[in-house]
Amino acid sequence: MTNDNNTRKKANAVFFAAVMVISMVAVGFAAAPAAAVNISDTDEYDRNASDDSGLTLFQGQEVAYDLSGLSEDIELRTVDTSTDSPTIGNLEQALDNGSSGDYDIVDTSDLDTGQYVITNRSSGDNVNTTLGDMRFEVATQGITTEFDEDTVGDAGSDATVDYEISSSVRNNYAVNVRVDGLDEEDLEQIFNESGYTDKIDLGEDYDRYNVSNHTGTVTYGSALSDDYALHEEDGYITLFDAENTEHTLNFTDIDAEDYQFNVSAVDSTAEDTGTITVEDVGDGEVNIEQSSLNEQQGDIVEFNVTSDGSASTGTVVVGNEDDFGYQANVSVTDFGDDDQITLAFNTYTAGLAGEDSVSIVDADDDDAITLHNETALDNVLASGDYDIQSSAVEGGDVDSDAQETIDAPDDVATLFIEERTTDGVQLWTASDSNADDIVNADDQLDTLTTAVDDGTVSQTTDLAHDDYSIHQISASGLEGMLDYTVTNRSVSDDDTAAQFDYLVNDLDNSESHVVSSDLSSTDNAIQFRIRETRDSAGPNADRTTEAVGPTNYDVIVDDENDEYYIVLDTSNFNNVTDDEDYTFDVEFAVQDERLLNPEDDVDTSEFEDSYDQVSSELSLSERDVTLDEDPYNVTNAEGQTVTGTTNVAPGTEFTVRARSDSGTQPSFVKTDDEVTVNDDGTLSAEFDFSDTSVGNEYTLTTNQLNLNDGPEVDGTVVEEVQTPATYTVSELNPQDVTATVGDALTVTATVENTGEQEATQTVEFRVDGNAVASQDVTLAGGNSTTVEFADVDTSSLSAGDYEHGVFTDDDSSTATLTLEAADGSDGDDGSDGDDGSDGDDGSDGDDGSDGDDGSDGDDGSDGGDGSDGDDGSTDDGTPGFGALVALVALIAAALLATRRND
């Protein structure tokens, strides 16, 4: 037992001695400086700084420094920058003595941000790189990551989302991306959309030093922008050059749930997280927004096609060869960022070889379509109903995609194509300044519409020289032809006037757009002609035709209403003089054979007779202004107005001037330079005559109207200006009256001049708005007269009710005239009147005498050819005895009177 205890004690002593030795060795190692390494023997560092000074290191980096240029007692110390000359500060770490080829690794993980120096000199000494000091800064790198959207789909175009990785202090670095629920292969698919296509094999379980080694052998920039590595052991992806790469992530077929992306810099402490929600978008469809579309032959119809769900491509089929004799197959290969594309279908070029009848409207950079296997047509697409079908099928055989779309469409719209029309020409006028405002506006149509509403553009066929004429042509089916001049004839897309002019002067029926025809017509597609009328030119004289072209007119298009406004400056008319009056026919005709689509058996002359033509008359007159009074007197007061009328365009601005006559002292000139022609052709100028004297004389003139012979109206300043004459009408007689067609009427009325000035007006008697009699009436102010229109013949009027009345320029008085047919009376049955000689003295019949019951007396008044009373008949039907009965009654009365006397 004793021996065992001794043995145990000896063993314990040996054990504790060994522990003490090991402890002392450990203390010796802890107190020793970091061991130097040979750079060629290790890759376990993030960066080789060599012996450079002034570098910026990022917290967490492990950096190799060459210490061979320094002698013993090398230390890592802080730098005190509190003074102008930085000095060596506190000790941070002792480094191994350097010898040729020896490096030491500086780990910045535990270093605070700030300035440091590797040196063998003492604290308080100035930092001096020429003595071998290696100075560097430790900075903290930050990383920010952000998804452009909070959610993303799992299929189609909805499956992509933009993703940003950025650092405010560092441009070139690699990151590791870890996502719970996703492995490295999922992340590879997600980031491949960003251009990470060059996989670097660093092994299944690589470390940070392997990543740093790769970046150390390849220059940052384009060489690294495609590089990535997959860490199969831990299931993450490493992205090289993460800062300088556009990241578009693709989550196709990724399970729908929330994912947190953890991003960390490979060689620093920088990290950030971001969350994205993946949603199940379901099966994809391609749909057409409009269920029905209406357009006329020759026009262009627009419709929107959208991709929903996982669909990113699709097929659209216009028509169906089997059902409609026409079909166009459209492959949509990209819907763009907004999952929508607007297509335009040109019904004029549909089936025309070499023309794409379907195009994209306002395409962005990504929108893309291809038109395949369109049915060839000799003429314009026929009117009728056509299906437009869509589906998400695309990418296979074109014909198979189209047939599958017809058999099982995602959506179907109906296109109703109606026959085109040419409805008419209307004329408007505008001043040169207002016309300039319209044609130079960003939105010409809106500016024109506003000008019409406010009256500065006025509808009329009577224009003055040098004003603008605006020809409103109402015609459908022209859009496709205008677009054809752009796509096939290289006319500018922005110059509608040049497109229109090409149809008028260049495109004729002998050209390739007319596929096949036996007609020999070479007329141009459109006729727009302004030609003088025969009455205007005079007999045997040549009629002038004004040449119009894109240099002297503009065209404003209202597609929605099929209206075309041709804005033409009449000052460019070459064959007129501005002191003469002219009348023109404005003719517009559609002559295009493809658009008119004549029957096969029509010959040339018959076809030309079928041109769709409309016209309007345009009168062009010398510019004229008339003031309402002559002489035109005013009082010596403010607010004196001068009014008048003109034939120049509404909105025209000009000046009215009142200049004192010679001999008037002090002389004066009064000017209103803001006079504007109203929409009814009236004008009004206002002056202040308060500084003039009664009796001053002046002359009124107009300026800036380009008149050949402007008005010069004299006037005098008076104490009081008489009010203008105003003719009122009253006491119309008869009022409501009944007469027989053919009767002569006599109508009277009282006409009074309620103004103060004497005047002469034409007073008219009108029936149903038409003047049937008139007379000139002159009245001094305040006077009145009775006008009479006698023996007004009504034989030209039919039976019925009419408004009749007396009219002046200022007033009218009306009533109702009822005319009855001349053969509608009871007198037609008085046939015995012709031979009833005694009838002339049968006066009692007229007033209902005792000899009858009065009924025949009434009938007798109606008979113009001998009433029943005239033939002496009585109610008892006994002709010829009326006078005898009256004689017997008279004798009986005399005898009775004699007897009473007895």
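Author: In this predicted model, contact means heavy atoms within 4.5 Å.

Reader: Which residues of H8 meet which residues of H9?

Author: Helix H8 covers residues 479-487 and helix H9 covers residues 496-505. Under the stated contact criterion, heavy atoms within 4.5 Å, the H8 side contributes Met481, Leu482, Thr485 and Val486. Their partners in H9 are Gln499, Phe500, Tyr502 and Leu503.

Reader: How do the residues of the contact of H8 with H9 divide into nonpolar, polar and charged?

Author: The residues concerned include Met481 and Leu482 in H8, and Phe500 and Leu503 in H9. The division gives 6 nonpolar, 2 polar and no charged.

Reader: Are H8 and H9 roughly parallel or roughly perpendicular to each other?

Author: Two packed helices are described by the angle between their axes and the distance between the axes. For H8 and H9 the axes lie 9 Å apart, and the packing angle is about 100°. Angles of 65 to 115 degrees count as roughly perpendicular. The two helices, H8 and H9, are therefore roughly perpendicular.

Reader: Where do the buried residues of H5 fall, seen down the axis of the helix?

Author: Helix H5 spans residues 398-407, and its buried residues are Asp401, Ala402, Thr405 and Ile406. An α-helix has 3.6 residues a turn, so residues three or four places apart point the same way. Viewed down the axis of H5, the buried residues line one face of the helix, because they fall within an arc of 135°.

Reader: Which strands do the buried residues of H5 pack against?

Author: The residues in question are Asp401, Ala402, Thr405 and Ile406. They pack against strand E23 (314-320), strand E24 (326-334) and strand E28 (384-391).

Reader: Which residue of E42 does Leu627 stand opposite?

Author: E40 pairs with strand E42 (residues 640-646) in the antiparallel sense, over 3 bridges. The residue of E42 opposite Leu627 is Gly644.

Reader: Is Glu653 buried or exposed?

Author: Glu653 belongs to strand E43 (residues 653-660). Leaving aside neighbours within four places in sequence, Glu653 is in contact with Val675, Thr676 and Gln704. A residue counts as exposed over 50% relative accessible area. Because the value for Glu653 is 57%, this residue is exposed.

Key
Residues are numbered from 1 along each chain as its sequence is written. This is a predicted model: local features need pLDDT of at least 70, side-chain atom pairs count only at pLDDT 80 or more; totals for chains, interfaces and linings use all residues. Side-chain values use heavy atoms; hydrogens and water are left out. Two strands pair if DSSP finds at least two bridges between them. Helices (H or I, at least four residues) and strands (E, at least two) are DSSP runs, numbered from the N terminus. Axes are lines fitted to C-alpha atoms, for helices over the stretch in contact, and angles run from 0 to 180 degrees between N-to-C directions. Angles under 35 degrees count as roughly parallel, over 145 as roughly antiparallel, 65 to 115 as roughly perpendicular and the rest as oblique. Ala, Val, Leu, Ile, Met, Phe, Trp, Tyr, Cys and Pro count as nonpolar, Asp, Glu, Lys and Arg as charged, and the others, Gly among them, as polar. Buried means under 20% relative accessible area, exposed over 50%, partly exposed in between (1.4 Å probe, protein chains only). The arc is that of the directions from the helix axis to the C-beta atoms.
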